[in-house]
Amino acid sequence: MDEDEGDGAAATGPAPAPLRVSKRRWPARTVTVLGGVLAMVVLAGAGLWWFSPWERMTGLHGAPPKAVDGVPSSGERYFGDVMDPVLAAGAVVARHGRGVRAVALVGGRTWWNLTRPGRATVASVWKVDDRHVAVVWSDRRLTVVDVPSGHRTHVGPPDRSAAKDVMSSEKVHVEAGGLTGSDGRLLVAVVQDREVDAYDASSGRRAWTRRAPRNCFYEDAVQDGIQVQTRWLSLDVDCVKYGDPSYAYSTLFDPSGQPLQGFEHFPGGSLLPAGDHELLQDKQDGDVSSHGYRLIDARTARTLWRVDQWSSSPVGGPDAVTAAAGLVVVTDLEGGQVALYRAADGRLLWRRKVADSVLLQDGMVIAGQVRVIERDPRPIRVLTFSATGGDAGVQELPMFESGGRPVLAGGAYGTLVVADYAGPDGAARPSVLLTDGH
């Protein structure tokens, strides 16, 4: 027998028995621990999503919205209904669902959508300047958006309001406005009940803080999403002293956070911008006549002139007074008259008798023309007068025939905005946008 054959026989012997691996069970304690860890991971992820500060912006395709000039006075097209619209950089920016979106006023294309995951929803949108808006979220976080580019700056202002419960967007009382310094830097002024904080719009860093006097509260006097000025911040200040009558005054802050000379505690109603250096002071509550209105020089705090009472009503009212672009419009609401004055010196430029037995709403200077709503007789219309008082157009508002109370809110970028005052039920209604841009 060869050795090779012997080796082969030895190799073909009986195979060894397979190894048996015993099955080990995880101890019940280990399973419980792993289940708890998994539950914590799931809860942490859900909490991160629910309270997340992250934002998601979609869109930004193609060319940005076109900022056209003028506002239509006839032949308008019905753009749509928008809740609390803000017009900036040729777009209307407003709440949409749980977020906010920008829609081009020419063509109606959605430019971008901005949303956040979790519980955060949009509480309000404010105009900072002609290019930027401030979005206030229900968790008090604030996002400054450059409308054409979509670039965002984030601000986390502290809760300085009287109401600490911020779980509901209805309880978030934050107002925002813009201020431009002498160096061109844009600031976002965040107004809460007790304090004002100003932040750099490009970096989000806090520039200054102003605290209201004890038992006093701030409110932005100029809450306008259509027109804007950034020379100063106008605030109404309401003060309450327990056991004593409450009192109110107005104040103006410059971009450095200092009160304008003579306006730290200015008595009377709200101070509204009327021109380059003119302020229109609103009448006091309870004053139904236009005698309560006066024009004030912002440089000296001196009265320039007082609005004369010329209403046809036998009781001396009601009149309505508005101002913009260096002009003052006085509307005799029940007497059917409209007049235009120069803000700097009170010179009467023209006066028009619209018709007998008509009811008018507040007139307004929009794009260099005077607009006024004629509520009665029907149909409801917007009347437009030129700078010299001539007829310049008529726009009917058929969407208000079945209800609502139309009031002019302003206009820009080829669009006229008509607000709708809440009805007896107090429900908020969207504004109507009329445009000739698409």
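**Reading the features**

Modeller: Let's begin with a residue and its neighbours. Contact means heavy atoms within 4.5 Å. Leaving out residues up to four places away in sequence, Val93 touches Asp84, Pro85, Val86, Val100, Arg101, Ala102, Trp112, Val125, Val133 and Val147.

Colleague: Before we go on, what kind of model is this?

Modeller: It's a predicted model: local features need pLDDT of at least 70, side-chain atom pairs count only at pLDDT 80 or more, and totals for chains, interfaces and linings use all residues. Residues are numbered from 1 along each chain as its sequence is written, and side-chain values use heavy atoms, with hydrogens and water left out.

Colleague: Which residues have the most contacts inside the largest nonpolar core?

Modeller: First the idea: a nonpolar core is a set of buried Ala, Val, Leu, Ile, Met, Phe, Trp, Tyr and Cys residues joined through side-chain atoms within 4.5 Å. Buried means under 20% relative accessible area, exposed over 50%, and partly exposed in between, using a 1.4 Å probe and protein chains only. Here, the largest nonpolar core has 18 residues, and Val93, Val100, Trp112, Val133 and Val147 have the most contacts inside it. At least two core residues come from each of strands S3 (86-88), S4 (91-96), S5 (99-104), S6 (110-115), S7 (122-127) and S8 (132-137). There is also a second, separate core of 16 residues, which includes Leu179, Leu187, Ala189 and Val191.

Colleague: How many helices and strands are there in the chain?

Modeller: Helices (H or I, at least four residues) and strands (E, at least two) are DSSP runs, numbered from the N terminus. The chain has two helices and 34 strands. Of its 438 residues, 47% are buried. Among contacts between residues at least 6 apart in sequence, 46% join residues at least 24 apart.

Colleague: Now sheets. In what order do the four strands of the open sheet come?

Modeller: Strands of a sheet pair through backbone hydrogen bonds, either parallel or antiparallel. Two strands count as paired if DSSP finds at least two bridges between them. In this open sheet the order is S11-S12-S13-S14, with antiparallel pairing. Strand S11 (175-180) and strand S14 (206-211) are the edges, each pairing on one side only. As an example of a pair, S13 (residues 195-200) and S14 run antiparallel over five bridges, and Asp197 stands opposite Thr209 in S14.

Colleague: How many residues of strand S24 are buried?

Modeller: Start from the regular pattern: side chains in a regular strand alternate between the two faces of the sheet. In S24 (residues 327-332), six of the six residues are buried, so the strand is largely enclosed by the rest of the structure. Both faces are covered: Leu327, Val329 and Thr331 are buried on one side, and Val328, Val330 and Asp332 on the other.

Colleague: Which strands does S24 pair with?

Modeller: S24 pairs antiparallel with S23 over six bridges, and Thr322 stands opposite Val329 in S24. S24 also pairs antiparallel with S25 (residues 337-342) over six bridges, where Asp332 stands opposite Gln337.

Colleague: And what sits in the turns of those hairpins?

Modeller: The hairpin of S23 and S24 has two residues between the strands, and Ala325 there takes a positive phi near 55°. The hairpin of S24 and S25 has four residues between the strands, and Gly336 in the turn has a positive phi of about 70°.
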